[in-house]
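I opened my notebook to look up a few things in this structure. Here is what I wrote down.

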Amino acid sequence: MALKTILHLSDLPNLDHVPEIYSTCFSKGLDLNRASSFSIPKFMVIGHRGHGMNILQSSDSRMKAIKENSILSFNSAAKFPLDFIEFDVQVTKDDCPVIFHDDFILTEENGTIFEKKVTELCLAEFLCYGPQKETGKEGKCLYRKTKDGKFVKWKVETDDSLCTLQDAFQKVEPSLGFNIELKFDDFAVYQQDHLLHILQVILQVVFEFARDRPIIFSTFQPDAAQLVRKLQNNYPVYFLTEGGASIYYDVRRNSLGEAMKVCLEGGLQGIVSEIKGVFKDPGAVPKIKDSNLSLLTYGKLNNVPEAVHMQYLMGIDGVIVDFVEEISQTVDDMIKPAKEMTTEGKGESEANSKLQFSQKELSFLLKLIPELIQF
């Protein structure tokens, strides 16, 4: 498995010299000054890239229903009982935070595929791709590269324009929380001053337009995670990890144990792990919880109701999902007895709602899962 390069915090100047430039305030009554004080009130459901990511070669029509990371996708997700939507933010070369997942944006001209790095485009160039807001104007046709190296036209049932982070704050249902993934290139080496500039550009938009909207920051870039936590204490910061599914040059990205270290050293509030990493090492869950860290997961298995239910029983705090309608309904049905719990019948209701497996059965399943999960 190829090693991937990322810059270690020890190679950078001391972050103690970076000031906390934003003051403390957060809605929903959450005190986020310290990792130990952060708690999630219930099992959360988060829409992946809004209403769900696009897999263009999938035979499942749900993966091609609505353009991912678009205002339409975000507001479509808001129709369901979600807590947050997750989306990817990059910064253009003229300092505008935009929402787009891939490092490169692809189009076709005269039979040839051209690719450009999103962060090397100015905003006007970025917005020229895909459907245009202006009537009668035609944008550059978007393509995507599949895992097997093929180029396919980015066709979905309901398309929408590309958008900026400011657009999302201004045009998406205000009660819906934003899980903002700070997107960086896995293969790039970032200097601290560059990371600092990118994060400050994003934070400027967040603090100007967020108002009372709940916000979570997350990133696979460990130095960026610790730096954004240092820059502000309004919103929780989560470290994203594949939990060992891929091996990186930076060991901090290679396991749940290393992810815990990043969080505890940087005062982060939690971890977002690929669910396979958690199922491969279920013993890490109580260690993470004992460290007063929150744990969320992402991955294809989160589209399977039984896998989501298992995570609820394991004490995981929430899931990022593509099938927002199905999984939000599953979770609603799963925790509904707890919502209807009365003081008098608390013990019985809780038992009925959560202990659908005996402790012995749950212990057996947790031992069996790692044998079933293969990376």
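**Core notes**

I started with Phe169, which touches Phe178, Ile180, Val205, Val206, Phe209, Ala210, Arg213 and Ile215, leaving out residues up to four places away in sequence. I kept in mind that this is a predicted model.

Next I looked up the largest nonpolar core. It has 75 residues. Phe169, Ile180 and Phe217 have the most contacts inside it. I then checked where its residues come from: H4 gives the largest share of this core, nine residues. I also found a second, separate core of 13 residues, with Phe100, Ile105, Leu121 and Tyr129 among them.

**Helix H4**

I turned to helix H4, residues 192–209.

Which residues of H4 are buried? I listed Gln192, Leu195, Ile198, Leu199, Val201, Ile202, Leu203, Val205, Val206 and Phe209. I reminded myself that an α-helix has 3.6 residues a turn, so residues three or four places apart point the same way.

I looked up what the buried residues of H4 pack against. The partners include strand E2 (84–91), helix H3 (165–171), strand E10 (215–219) and helix H5 (222–231). After H4 comes Arg211, with a positive phi near 55°.

**His48**

Last, I checked His48, in strand E1 (residues 44–48). Is His48 buried or exposed? Its relative accessible area is 15%, and buried means under 20%, so His48 is buried. Not counting residues up to four places away in sequence, His48 touches Met53, Glu86, Ile320, Val321 and Asp322.

Notes. Residues numbered from 1 in each chain as written. Predicted model: local features only at pLDDT ≥ 70, side-chain atom pairs only at ≥ 80, totals over all residues. Heavy atoms only, no water. Helix = DSSP H or I, 4+ residues; strand = E, 2+ residues; numbered from the N terminus. Expected span 1.5 Å × (residues − 1). Buried < 20%, exposed > 50% of the residue type's maximum accessible area, 1.4 Å probe, protein only. Contact = heavy atoms within 4.5 Å. Core = buried A, V, L, I, M, F, W, Y, C linked by side-chain atoms within 4.5 Å.
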